[in-house]
Amino acid sequence: MRGLALHHVSLWIDGHRLLGPLDLAIEPGTVAVLTGPSGSGKSSLLAWLCGTLDPAIRAEGRVTLDGRDIGTLAPEHRRVGILFQDDLLFPHMSVAENLSFGLPAGLRGGGRTARIDEALALAGLAGFGPRDPATLSGGQRARVALLRMLLAEPQALLLDEPFSKLDPALRSRLRSFVFDHARSLGLATLLVTHDPADAREADGPVIDLSGG
Amino acid sequence: MTRAALAARAAGPDAARPARPRSLAWVPALTLGLFLGPIAVGLVGTLLPAFGLLPALGATVPTLQPWRDLAAAPGFATAVRLSAATGLASTLLALAVALSVAACWHGTRWFQALRGLLAPLLAVPHAAFAVGFAFLVAPSGWIARLASPWATGWERPPDLLLVNDPWGLALTLALAAKEVPFLLMMVIAALGQVRADQALTSARCMGYGPVAAWLKTVLPLVWPQIRLPVYAVLAFSLSVVDMALVLGPGTPPTLAVLILRWFNDPDLSLRFQAAAAASVQVALVAAAIGLFRTAEMAVGRLLRGWVVSGRRGGPATGLRVAALAGFGAVAAAAGGALAVLAVWSVAARWRFPDALPADWNLDRWTDALPGLAGPIANTVAAAALSTGIALALVLGCLEHEQRSGRGRPTSRGLWLLYAPLLVPQIGFLFGVQVLLVLVGLDGTWPALVWSHLLFVLPYVFLALADPYRALDERYARSARCMGASPGRVFRTITLPLLARPIAVAAAVGMSVSVAQYLPTVFAGAGRLPTVTTEAVALAGGGDRRALAVVAFVQMLLPLLGFAAALAAGRRR
């Protein structure tokens, strides 16, 4: 199938089951939501999906992206992007350099600069390219982090509570910004959150791990 | 004593308990005083004789004669070149291995396993490692024996200069191998402070290969934190004495060895020339650090375009294998050194090219041990005293930092801490010795312990600072709210929680003390021999078995310390 699909996925730590078995299909352009208490393995599941699971945790099951089995691929070959609670803009690069880091190498010279300027404009940050990321507000940084990830052309997007550190007004604006981009690019998106409002806005399948 | 300390004392036990915890501000001040004062005095005491001023020898008229003598001294220019080449090459090699191991293996099971190897590797003293290294790679060494005659065709040791070679290659390789574990440990400590794992995940999810991701996103964050340790390695490698005596070329030797030779010459007039050369050694280290700093900035600028070019890099399998092989060679060199020393110390007859001795006995041990008892006792006592004092001072400084609510020390504070590691030992120890003679302390225990403390303290601080600062301060705060005094909180909460890091820091401190050669020679004035000075002295002679016994004991002492620290930490 198209999109991101999880088949009978479960995570084990020290012989006891942390999560699962879980089946989930996320169509391109939909946002699925995963909620549950702390320690229910939500972040571990995202780490497994992008290929950076702690070796102490054992995973079972399969994951496919557009029909391709990605469960054993190195993270860089999966085309699964991730955003964390912290924006993780690299502090040793300017805003434009952070975006350039995301862009593939094939695009050079003027085309490269044009794509970066376009991304900055999309984020409402035209002219902010030379700035140090540390001088940006939390919302601005979060938008740059999203666009940096999107410039790397992923086919699926994982969101690890990316809105939880923002104040409510900013949170709802950034949520629409992220969801709109994910939908218009046709990305299968999985959002981990504690916030019921996130789940309402996402408008996709919701999996609740509490009591599971 | 500072004003705050005087005020605290004046207040006395009967005064009302102050609302704020008693100030420990005098501890950092005392620590820095113990530390930097004597180095500054030592540098001046080295510089003055370089210009003909050494009242102890009746020289009171300033002159440039020492510099003219130095310029005319045979071998001086070659010695400077040799020191510069071996120091820079070994530092770059060690840095390359340490960084590629971290870049290639960060986040893998291997990396976890290899972290466990670092502490014992770090504990290996330089002199014993150099002796073991020589026993491994010399023409009649273990490697040649294991490969002969079936692979090499050698029936007798070949006539090759594999150690003490005129280019200092053996010295360069051994120095690099000795410094890789320290650099790697500093990289790992830095990784914990820069959210390296998340940066790596981000980059890899954007399609970057593991090594390219590390080099582009983690290294720029880690580098500022390992810069001072790298400079310390550079300063050490440029001025090392004990390893150069064992493995370096003899005519001419490296600069630091040449200086030591002149200082120890029965002809006292050579001391002026030695002091001038010691000033050159200090300048050489300063110039090398300056060069390194400039090169860092140039490389940083050159690579900027590559970092943001979008090039993803591949799996870098070749580099991963090379990095693992490099670290494997380092671990094998240390393990092989220990093993070959052990075998030689119990070998009765060992003909070339036999892989193992034909006969074994304990004769060398029974011969050597009565004479070694004194040096072993001196070694252990110096290590225990200097480490004990260092622990007390470091804990005082860290507790002060927490009570006064100050953050981490500024980068200037770190430079001060690293000062004894950045100034070449030979550059200030002569001046210190002059001072000690002046006050009648040369060859005494206080002088020996203090000279070890100079080098033990920075390492104890490095080992303890992060665990101390990582301690959740809410434990202490809730204890205070239950009415415990700051002193009681320190004794009953902080110390027990830190038992394991304190045990490790103690083991690190002891291993640093055991390894000290030059400070022991200068401050001990030959009257307080340790296993280290014995090992280096025997290295010049021809008795391999006696040398193996002493070097093995020197290697064993710090390893026992680490084993004890592990046991102490596990019991809790």
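In the predicted model, B:R195 occupies the loop between α8 and α9 (196–205) of chain B. The backbone of B:R195 has a positive phi of about 50°, although the residue is not a glycine. B:R195 counts as partly exposed because 15 C-beta neighbours lie inside 10 Å, and 20 or more would be needed for a buried residue. A second residue of this kind is B:N164, which is not a glycine and has a positive phi of about 55°. B:N164 is placed in the loop between α7 and α8 of chain B. With 19 other C-beta atoms within 10 Å, B:N164 is also partly exposed.

The loop between α7 (142–147) and α8 (169–191) of chain B also holds B:P149. The peptide bond that leads from B:S148 to B:P149 is cis, with omega near -5°. Another cis peptide bond runs from B:F352 to B:P353, with omega near 0°. B:P353 belongs to the loop between β1 (347–349) and β2 (359–360) of chain B.

Chain B contains 24 helices and two strands. The C-alpha trace of chain B spans about 80 × 70 × 50 Å along its principal axes. The radius of gyration of chain B is 25 Å, which agrees with the value near 25 Å for a compact globule of 572 residues. Of the 572 residues in chain B, 48% are buried. Among the contacts in chain B with a separation of 6 or more, 80% are between residues 24 or more positions apart.

The largest nonpolar core comprises 241 residues, and B:V131, B:L341 and B:V460 have the most contacts inside it. Helix α18 (residues 445–470) of chain B gives the most to this core, contributing 17 residues. Beyond residues up to four places away in sequence, B:L341 touches B:A128, B:V131, B:G132 and B:F135, and also B:A548, B:A551, B:F552 and B:M555. In soluble globular proteins, nonpolar side chains tend to be buried together.

The mean pLDDT of chain B is 87, and 94% of the residues score at least 70. Among the elements of chain B, helix α4 (residues 76–105) has the highest mean pLDDT, at 95, whereas helix α1 (residues 3–11) has the lowest, at 40. Over residues 1–19 of chain B, pLDDT stays under 50, and the model has 11 contacts beyond four places in sequence for this stretch. Where pLDDT is low, the predicted coordinates should not be read in detail. For the complex, the predictor gives an ipTM of 0.84 and a pTM of 0.87.

The contact between the two chains takes 24 residues from chain A and 20 residues from chain B. On the side of chain A that touches chain B, the elements giving two or more residues are β6 (80–83) and α2 (95–102) of chain A. The most is given by α2(A), with four residues. By class, this side of chain A has 16 nonpolar, five polar and three charged residues.

In chain A, four strands form an open sheet in the order β2-β1-β4-β5, with antiparallel pairing. The edge strands of this sheet are β2 (16–26) and β5 (68–69) of chain A, each of which pairs on one side only. Within the sheet, strand β1 (residues 4–13) of chain A is joined to strand β4 (residues 57–65) of chain A by eight bridges, and the two run antiparallel. A:E60 in β4(A) stands opposite A:S10.

Elsewhere in chain A, helix α1 (residues 42–50) includes A:S43. A:S43 counts as partly exposed, with 17 C-beta neighbours inside 10 Å. Leaving aside neighbours within four places in sequence, A:S43 is in contact with A:D160 and A:V192. The C-alpha atoms of A:S43 and A:L159 are 9.6 Å apart, while the two residues are 116 residues apart in sequence.

Note on methods. Residues are numbered from 1 along each chain as its sequence is written. Chains are lettered from A and ligands numbered from 1 in the order in which they are written. Two residues are in contact if their C-beta atoms, placed from the backbone, lie within 7 Å. Ala, Val, Leu, Ile, Met, Phe, Trp, Tyr, Cys and Pro count as nonpolar, Asp, Glu, Lys and Arg as charged, and the others, Gly among them, as polar. pLDDT is the predictor's confidence in each residue, from 0 to 100. The radius of gyration is taken over C-alpha atoms; the globule rule is 2.2 Å times the number of residues to the power 0.38. A residue is buried if 20 or more other C-beta atoms lie within 10 Å of its own, exposed if 12 or fewer, and partly exposed in between; C-beta atoms are placed from the backbone. Two strands pair if DSSP finds at least two bridges between them. A nonpolar core is a set of buried Ala, Val, Leu, Ile, Met, Phe, Trp, Tyr and Cys residues joined through C-beta atoms within 7 Å.
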